[in-house]
Amino acid sequence: MDRKVILFVDDEVKVLNSLRRGLIDEPYETLFADSGKKALEILEQKEVHILVTDMRMPEMSGLELLKIVREKYPKIVRIVLSGYTQIATLLTAINQGEIYKYITKPWQMEEEFKPAIRQAIEFYDLNNKQDAASQPAAATNG
Amino acid sequence: MDKRTITVLLVEDDEGDILLARRMLVNSSQSLEFIVETVQTLSDTVKYLNGDKKFDVMLLDMGLPDSSGVETVQKVKQANQTIPIVVLTGLDDEQTGLLAIKNGATDYLVKNKLSSDILVQTLNFAFERGQAEKTILRERNKAQSYLDVAGVIMLVLNDDLTVHRINNKGCEILGYAEQDILEKNWCDNFVPSEYREKVSQVLKSLLSGEIGKYEYHENPILTKTGRYRLVAWHNSVLRDEAGQIKSILSSGEDITERKEAEEVIKKAYSELESANANLKSMQAQIIQNEKLASIGQLAAGVAHEMNTPVGFTASNFETLAKYFDKFKNLLDMYGKLAGEMPNIDKDGIIARTADIRKTAEDMKMGFILEDIDALFEESKEGLKRVTTIIQNLRDFSRVDKIDVYDDFDIIRGMEATLAVARNTIKYNANVTLEFADVSQVSCNASQINQVFLNILVNAAQAIESQQKGMGNIKIKIYPSEPYVVCEIEDDGPGIPQEYLNRVFEPFFTTKPAGKGTGLGLAVSYDIVVNKHKGQLFIDSQVGRGAKFTIKLPLNRKNSDSRKEMENNGQESHIVCGR
């Protein structure tokens with residue numbers, strides 16, 4: 001199976017750096033963007049499987065990014081990593097961003113974050129296997 | 001000179017005595033003329049007394065065919081209270097004469113000692129007594145009628161506390177006829193038993209001359225139906241010629257209804273007071289709620305502000321532990337190699353070293369070594385950010401100084417507030433600051449910061465509501481004797497004229513449900529104007545943003561801001577109804 005590609009989006013570079021160093025031993029490729037705009041640029045150029053984004057960011061909010069990604073790249077599994085825990089923010093993300101998981105800051109890397117990414121990958125694979133089954137022409141590598 | 005005419009009713013059954021008396025009286029005196037009419041029985045006497053004719057004096061023989069002795073006097077008295085009676089008695093019967101006087105006769109004469117002079121003199125004297133008594137009676141009746149006209153109880157008590165006189169009003173209130181009251185002991189009959197001792201003590205004190213102390217007192221009286229009426233008494237005493245206190249004169253006003261009305265008013269008043277107290281405590285509760293609401297809002301913002309640095313610092317810390325495992329691992333490998341060195345040949349050493357290098361490469365040691373300084377640097381920065389936020393929060397809330405007025409640098413307060421509100425503001429507005437040097441202000445820092453926060457958050461939310469991207473908030477702080485002035489100006493949508501008058505009203509909000517309590521500005525107004533004797537006003541036009549001006553007196557105690565505000569016509573400040 002191909003190495004999966006995960007894109008992380010947060011306006012706080014230090015958050016991205018901490019993720020980068022925390023995930024160096026993980027079996028997937030990590031990409032980083034410090035704004036929604038940059039994230040969209042990366043998505044133009046590279047196939048991404050999982051998107052992890054902050055909610056509150058200047059210019060383009062996480063929600064806006066999620067909506068665009070849902071439209072343009074519906075296969076990408078979407079995860080939120082946010083400090084906001086108010087029900088209203090959560091509901092908006094879930095209902096409008098159709099996200100797979102909502103992880104709150106501060107996060108626990110080993111117990112919480114890494115398993116969430118792994119599950120998201122499994123979820124991605126499961127969805128695509130179904131797609132592959134319904135489209136026999138497509139190559140599969142189970 | 002006119003002769004005085006005295007009409008005499010002679011009651012005598014003995015014809016001889018009648019003739020004798022008539023003879024004695026006719027032409028007996030230069031100044032007196034007697035007109036004598038005679039009756040012979042008691043029954044005729046009573047008829048005469050009840051008839052049209054008026055007699056000045058009665059000359060009465062007690063021994064009549066239909067009555068004898070003192071009884072005769074009594075019966076005549078019953079028929080006519082006022083007529084003076086001179087009794088004729090038998091020989092030397094002084095005892096009978098005195099008894100007759102005791103029973104109401106004016107005088108007595110012994111028949112066989114009778115002379116013309118004595119008879120004339122006695123009758124004249126009796127006549128004058130009669131006239132005097134009539135006058136007294138008339139005066140007495142007049143006085144009684146005065147008493148009866150009075151709208152209050154008039155009561156005269158004898159020194160044994162029996163009732164001497166009482167007026168109509170008193171009878172009416174007590175529900176008894178006058179004769180059922182007179183001569184009865186007042187305390188025993190007309191004062192409820194539980195008050196008897198106290199009232200009798202008051203009355204006895206009055207009789208003993210302690211008047212001032214008891215000039216006024218209130219006590220209930222007991223009516224015929226058994227109901228109580230509360231009476232307010234004014235007391236005075238009546239003295240005899242020798243100056244001895246002989247009776248008590250009291251006027252009493254029935255204040256039952258008035259007392260009841262007073263009680264009703266008192267009750268209503270106390271109900272009002274308690275309602276007022278409830279409202280006040282509700283208001284305090286509301287203000288507290290608003291404070292909690294803004295703290296909740298703040299906490300959410302601050303939490304987010306902390307979540308990020310805590311998030312990456314904690315993540316770095318976890319990563320660092322893994323890095324350290326890798327370092328230990330490599331160190332272990334090198335250690336082993338060093339220990340085994342004497343027993344391994346050169347090729348072996350090269351192979352083992354290459355092995356270790358491979359492991360290091362797998363562990364991404366190149367990245368780790370390159371990155372580890374950044375990890376420490378960024379984590380340190382993260383902790384510093386949390387520390388600053390906590391420091392700012394402490395400055396902002398001044399939790400250690402609730403309700404304390406202290407000299408406070410409001411620029412520091414504004415900075416602390418901006419720091420904690422940063423998260424709410426930073427995505428909506430650029431903040432520019434213009435701080436001049438200002439003196440410290442005597443104020444409650446935590447409250448003033450709350451006002452700053454309310455206005456800043458409102459400004460940020462107003463800008464956000466137009467959905468036009470970043471706006472601007474301009475904050476100016478400068479001195480303007482005797483005030484320090486703080487202006488917070490935004491370029492949001494502004495406040496419509498019709499709302500301008502209402503923004504300080506409690507519960508007035510244009511925000512959607514759940515977004516605002518509608519109390520922020522009302523509480524701000526209370527803090528600035530009522531608590532700090534400062535001023536708070538808004539300038540705003542639709543489409544041109546809003547400017548809030550807070551003026552805090554440099555010396556809170558000497559300032560009366562309201563007076564100045566009245567003269568401050570051009571500013572659109574709003575006084576909310578408190």
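This is a predicted model, and the tour goes from a sheet to a chain contact and then to the cores.

**Stop 1: the sheet in chain A.** Show chain A as a cartoon and look for 5 strands in an open sheet, ordered 2-1-3-4-5 with parallel pairing. Colour strand 2 (28–33) and strand 5 (101–104) of chain A: these are the edges, each pairing on one side only. Ignoring direction, neighbouring strands here are turned by 20° against each other on average.

Now zoom in on strand 1 (residues 4–9) of chain A, which runs parallel to strand 2 of chain A and is joined to that strand by 6 bridges. For one of those pairings, pick A:Lys4, whose bridge partner in strand 2 of chain A is A:Tyr28.

**Stop 2: a helix over the sheet.** Select helix 3 (residues 62–72) of chain A. This helix lies across strand 1, strand 3 (50–53) and strand 4 (77–82) of chain A, at about 175° to strand 4 of chain A.

**Stop 3: A:Arg118.** A:Arg118 sits in helix 5 (residues 109–134) of chain A. Is A:Arg118 buried or partly exposed? A:Arg118 is partly exposed, because 14 other C-beta atoms lie within 10 Å.

**Stop 4: where the chains touch.** Bring chain B in. The contact takes 19 residues from chain A and 22 residues from chain B. On the chain B side, helix 11 (256–340) and helix 13 (365–397) each supply at least two residues, and helix 11 of chain B gives the most, with 13 residues. By type, the chain B side divides into 9 nonpolar, 8 polar and 5 charged residues.

**Stop 5: the cores.** Which residues touch the most other members of the largest nonpolar core? Select B:Ile410, B:Leu456, B:Ala459 and B:Ile488, out of 54 residues in that core. Helix 15 (residues 445–465) of chain B makes the largest contribution to this core, 12 residues. The core lies between domain 3 (266–377) and domain 4 (398–566) of chain B, because both give residues to it.

Centre on B:Ile488 and leave out residues up to four places away in sequence: B:Ile488 then touches B:Ile455, B:Leu456, B:Ala459, B:Ile473, B:Ile475 and B:Phe548.

Note on methods. Residues numbered from 1 in each chain as written. Chains lettered and ligands numbered in written order. Predicted model: local features only at pLDDT ≥ 70, side-chain atom pairs only at ≥ 80, totals over all residues. Core = buried A, V, L, I, M, F, W, Y, C linked by C-beta atoms within 7 Å. Buried ≥ 20, exposed ≤ 12 C-beta atoms within 10 Å, placed from the backbone. Helix = DSSP H or I, 4+ residues; strand = E, 2+ residues; numbered from the N terminus. Domains from an automatic or database assignment. Contact = placed C-beta atoms within 7 Å. Pairing = 2+ DSSP bridges. Axes fitted to C-alpha atoms, helices over the stretch in contact; angles between N-to-C directions. Nonpolar A, V, L, I, M, F, W, Y, C, P; charged D, E, K, R; others polar.
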